[in-house]
Every structure is written in structure tokens, then in C-alpha cells.
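Open the structure in your viewer and keep the selection panel at hand. The tour goes stop by stop, with a selection at each one.

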Amino acid sequence: MKSLHTLKLALRALRRNVMRAALTTLGIVIGVAAVIAMMEIGNGSSEAIQHTIASMGANVLLVMPGTAASGGVSFGAGSVLTLTPEDADAIAKECPSVGAVAPVVRARTQIVYNGRNWVPMSIYGTTAAFLEVRDWPVAEGHAFTERDVRNSSKVCLLGQTEVRELFGGQPPLGKEIRIQNVSFKVVGVLQTKGANMMGMDQDDIVIAPWTTIKYRVSGTTLGNVNQSSEASSAGSVNTLSDIYPGQESLYPVPSATQQADTPQPVRFTNVDQILCSARSSAQIPAAVQQMTTLLRERHHIRPGQPDDFTVRDMAEMTKAMTSATTLMTKLLLAVAMISLLVGGVGIMNIMLVSVTERTREIGLRMAVGAEPGDILRQFLTEAVVLCLIGGAMGILVGRGSSFLVRLVLRWPTAISVGAIIAAVVVSATVGIIFGYYPAWKASRLDPIEALRYE
Amino acid sequence: MDLIELRDIHKTYHLGEVDLPVLKGISLHVKRGELVALMGASGSGKSTLMNLLGCLDHPTAGEYWLDGRGISGLSAKERARVRKKTIGFVFQNFNLLARTSALENVMMPLSYASDHMAEGEMKQRATELLSRVGLADRMDHQPSQLSGGQQQRVAIARSLVNNPQILLADEPTGNLDSRTSEEILQMFQDLNQRDRLTIILVTHDPEVARHAQRVIHIKDGLIENGETPLPA
């Protein structure tokens, strides 16, 4: 009740000099508007960057095989083929933070159609999950299926660049292209993705079942440099029969002794990398953790030994990009804060003038029984109300100008609730800080002298 | 018991190095329901005495008892509380809030009262008082739209709004012509007689002092005529 009255009193006092109140609060209006506009534009650009990165396959995690080392000589990343399709299956099954998983076999060779030829940037042997991981829709036709992968079907999906280079705009669906003398039927065309951040053409791609690329295109599987150590952990190796389940073995199952005496030549099936996606960007660290634990276990790596694989995440890239915009936003925010400070000084100035001007009024109020606390509260409320009105107008102006920026300059903007809350809190704080001294001065006036003041 | 009792009040102002004694030992009594005039030339110390009586200031030495309560040692905050409960002020230059209606001017002291009234109640009380001073039809007028006499009547209504025990009027007719002065003084007499309100008029004008039951003359910080009541 009493505070409501104080509020009314403050509004009435401000109404007595609308023009001056408006000019005083202009500093706050501009300050808050600047904060809001900066935050919205900053938020907008960082969201735009996140969106861009999302289109490259948000939350993509890349598992690469590790480094072979022999006698202290390292052979570099990927020099040992330690990842198997079973690793991919296990990740899909056992890591709750991981969404889609696609093993990838890469090849680089010539493709031919009807007298034209081209060497795609990437020929990926993978599963249908690849498209899910990369967030890459099929523009025409359809993706190949699990069954195609199992059967090593000779089907493929083409990127837009291949369609242009090989078909010159002709419809490619159902046509046969040759990849290293193996003919593949085109079942689908991928949507345009454009260049990635490094400037590489992502549309320059052919996707086929990994089994087909592995066994029909790449031909022989190169031996594993680190084969001896891998062979000793026989549990992780696999044979072709795993890939064609449902086929009855023609031979009687050998006993354990027989197996030990005559080890079968093992044909390794390894993949060049495993591509997976975390369920959300927040789950990326958890996904990395789960995959590392699982793969170490599957690869029988003892504690203390280095991983024979590496997990890379795009989140690091995202972080680097957003940190640049965050820095920018912070910088602009600092400038905006300075203008708020200047606005606050303006408020203090005018409040001091107002206290001097209303000395007699203060004296009168004290004479009729206002306690120093009442006077302090009254002037403080006035300053805070002034700042809050300025803050509210600043929010409107700031939102308006960020809208204009979006409309005219076509910069992306995004509403920032945090900035609005911060603006209200900051303008109230500015009111309290810069209104306190004048209010305190008013409350310390001697009623006798105040009444006599001319 | 007397409403006001001053015992050997001293007030000394310290102006830098120099001590300036203004009140040099004032003792006086004012009974409940009296209409007293405080007279003296300018510089005699009557304004200082008035400020002390109005609890706007505290004495350097001496005792002040108001309605049985010792005032001398109170802090500024406590004196403000005494003011809002027991004292009403009327000033020479009216001291109304500019650009504020008569009604709101009268309501103003109520917002500082410790037992806070509802808005409607405050309005009702202010309306009653304004009607009583004959301004029922001027309630929405701002001070600039009122004559001097009307403004002083608003000020009187304002001084009464807290039901004070004492009304302190500092040269209430100083800015008014003689006809309006007479009206205002009549109003004080009326308040004194009908409501048994204790009123202290501070003035230098013998014409004004004539309306009082008792005149106290002050000269050079001392009471000149003791406490002799005037012959009625």
C-alpha cells in the first residue's frame, strides 16, 4: 500500500516535467536498446553458424583408426586398420548417446558413363545410415537398403556434381555407371550440399554399399600392419561368413583342438572410418566417452595403453566458430554497457538538479512528518521508475532496430530473453546506483533550511 | 498539565569560529486550548523559537516538554514522528505543492502517517477539511489558480489533516491583504474556540497579535514580558 503510494508519487513527480524526464531517460533507452540489439544480432549470427554446421552433419563424430608404431617409429593416423563393421554395430547397439552409425570404406578411382569419365572426390562405401548421420536427404530416387549392403548389390547414389559431369543434366536414375569396371545402377541422387568449410565440394561424391566397394572395387584388402597383435586377440576378427548370415556351413564344425592346430587364414574386414551422430550436441561428450570405452574394450586395450583409434567431433569446430561470435557479442555488449553507464550519470545529474529544485518541497514534506527514509525512498523510486521506463522503451527500440537490421541488412537475428531480463535488471540497478546519492542528499536536508530555500 | 513547557532553552548557532547565541534562556508554558501570539522584531529569535516548538530543530541546552514528553534529546527521525502526529504548520508563503490539486495538497501529509489510511478514506478526510475552510468548489484547482487567501486556506486544511494538537502559524498573514488577513485570523479564532485547538501565531504585526488571548514578546533571545496574560 505504502510502496504503491510512493510509486504513484514518483510517477506524478515525473509527469510534472515530462520533457525533462524523457530526455533524461534517453541515455538509458539508448543503452538498453544497444544491449538488446547487440545481443539479438550476436545470437542470430551464432545461431546461423550453428545451423550451417548442422547442415554439414550436426553432432557428427568420426572414429578413425589409430596409429601403427613399430620400434618407436610411428606411421601416422590411419596407418593401422583396426576398425571393423562389427565395431560400428556394437556402437549402434551399446552407446545410448549415439544415434545413427555408418561404417565407411573409401575408394578413389575413375567412374565412367557413356564415354564420359570423372574422378569423384570421394567414393564412399557405407550403409544407408550414412545419410542419416550426415543429415543428407535424397533428392531423386531412393537410398539403398540394409539388404543391398548384405548382398553387395551393385547400386549407388550420386552427388550433384557427378550428375552434372557424367550425365550433363540427363536423368541418371536407373542408368548404369562403371566404377573401376564394375557397373553400378544409379538408384538415387543426393540433394545439393555445396562446399564444406574447407571449400571442398561435398556434392562430388558417390555412395554405394560398403560391401560392394570393399570386395568388388577396392579388391583385395591390404594386410594389417599391426596384424600380429591383432591376430592374437582372435575375438575381434571376423570372417566373410559373418557378413552372409543364414548360410549353412558346408563343413562339420571343427573341434577346439582342430581349430588350434590348423588356424584358418583370417580375412580381415576392416573399414576406413566409422561415422556416427550424437543424439544431440549436448550428448557429444557422453557419446565420445561411451564409444572410447566400448572400443577399448572390444580391441582389448589394457589400461595405460594408448587407443588404437581416435574419435573426432565437429563440436570442436562448432565451438571455435561460436567462440568467435561470442567474443564479438561480448565486445559489443561492453560498448553498450558503457553507454548505459553514461545514461546512469545523466540520471544522477538530473536527479541532483531535481533535488535542488524541489528543496522547498522536501522541506515541506519533512515539516509535515516525512522521515528521512520516506524522502530517500521517494527520490530513489523516482530514479528507478525513470530507469525502468527507459529500460522498457529501450527493449522496444532494441527489438525494433534488430528487426530493421534483419529486414534491411538481412542479418540473422534471434530474440534473446536473457538480454531482456538483463536489460531490466541492469536499468533498475543503474537507477538504484545513480539515484541513491541524490536521494540520500535529499533525505539529509535540514527541514528549516530547506523551507527557507529560495 | 501544560501542553507545552520550555525550561531555560538555549540555542546557539556555530558559524565557523564564532558562536552566535540566539535564544538565551527561554522558559514558557502554553496550556491546551490557548491561542498565543509570539511577537518580536526580526532577528529577535522568534523564528528560532518557532522551529524549536515545531520540533524542526533541537535546543543547544534546556528542556522542552510537549504533551508530557521530553523532546530535547530526540533524533531527527523521532522528531519527524512527533511532527506528523502532534503539530500542524501554516507558513507565510503557503508552501503548497505546485501543479498539484488542492485536494492532493491536503492529502499529502496523510501519506506519511504511521497508521496508513486507504486512498478513499484519505480523500474523504481531505474533502471534509476543504469544505470546512470554504473551498468545497475548488478542490481540483491547482495553487496557481487560487488567490492568496484561498491558498492559505488550503494550507490550513493541510495542517489540520493529521488531527494535530498544536497549530504553528509562522506569519500566516504576511503575504495577504488586510481583508483576507482578517478572514484567516477569524478562521484561527474559530478553530481555537470550537475545536479547542492550541494555536501559536508568530508575527511582528500587533494587529495580528490582537487576535490572540496572550502575547509573548521576544527581544534579543529573551522573553520580555514574562508570562503575563493579556487582559481579555
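What pLDDT does chain A average? This is a predicted model, and chain A averages a pLDDT of 81. In that chain, 84% of the residues score at least 70.

**Stop 1**

Select residues 220-239 of chain A. The pLDDT is below 50 over this stretch. Beyond near neighbours in sequence, the stretch has 24 contacts in the model. Where pLDDT is low, predicted coordinates should not be read in detail.

**Stop 2: strands around E11 of chain A**

Now select strand E11, residues 182-190 of chain A. Which strands pair with it in the antiparallel sense? One is strand E8 (residues 138-141) of chain A, through three bridges. Look for A:Val138, which stands opposite A:Leu190 of E11(A). Another is strand E10 (residues 176-179) of chain A, joined to E11(A) by four bridges and running antiparallel. Here A:Ile179 has A:Val182 of E11(A) as its bridge partner.

Zoom in on the turn between E10(A) and E11(A). The two strands form a hairpin, with two residues between them. A:Gln180 sits in the turn and has a positive phi of about 45 degrees.

A:Leu158 has its bridge partner in E11(A), at A:Val189.

**Stop 3: a helix pair in chain A**

Select helix H3 (residues 85-94) and helix H11 (residues 284-298) of chain A. Their axes come within 10 Å and cross at roughly 135 degrees. That angle makes H3(A) oblique to H11(A). The crossing of H3(A) past H11(A) is right-handed.

Show side chains at the contact. H3(A) brings A:Asp87, A:Ala90, A:Ile91 and A:Glu94. H11(A) brings A:Met291, A:Leu294, A:Leu295 and A:Arg298. By class, the contact of H3(A) with H11(A) has five nonpolar, no polar and three charged residues.

**Stop 4: the sheet of chain B**

Move to chain B. In what order do the six strands of its open sheet lie? The order is E6-E7-E8-E3-E9-E10, with mixed pairing. Strand E6 (87-90) and strand E10 (222-223) of chain B are the edges, and each pairs on one side only.

Within the sheet, pick strand E7 (residues 166-170) and strand E8 (residues 198-203) of chain B. They pair in the parallel sense over five bridges. B:Ile166 has B:Thr198 of E8(B) as its bridge partner.

**Stop 5: helices H5 and H6 of chain B**

H5(B) lies across E6 and E7 of chain B and runs at about 170 degrees to E6(B). H5(B) and H6(B) pack at an angle of about 15 degrees, with axes 10 Å apart. The two helices are therefore roughly parallel to each other. H5(B) passes H6(B) in a right-handed crossing.

From H5(B), the contact uses B:Gly148, B:Gly149, B:Gln152 and B:Ile156. From H6(B), it uses B:Thr180, B:Glu183, B:Ile184 and B:Met187. The contact of H5(B) with H6(B) has three nonpolar, four polar and one charged residue.

**Stop 6: where the chains meet**

Finally, show both chains. How many residues does each chain give to the contact? Chain B gives 17 residues and chain A gives 18 residues. On the side of chain B that touches chain A, helix H2 (residues 76-86) of chain B supplies the largest share, five residues. That side of chain B has eight nonpolar, four polar and five charged residues.

How values were computed:
Residues numbered from 1 in each chain as written. Chains lettered and ligands numbered in written order. Predicted model: local features only at pLDDT ≥ 70, side-chain atom pairs only at ≥ 80, totals over all residues. Contact = placed C-beta atoms within 7 Å. Nonpolar A, V, L, I, M, F, W, Y, C, P; charged D, E, K, R; others polar. pLDDT = per-residue confidence, 0-100. Pairing = 2+ DSSP bridges. Axes fitted to C-alpha atoms, helices over the stretch in contact; angles between N-to-C directions. Parallel < 35°, antiparallel > 145°, perpendicular 65-115°, else oblique. Left-handed = near helix turned anticlockwise from the far one by under 90°.
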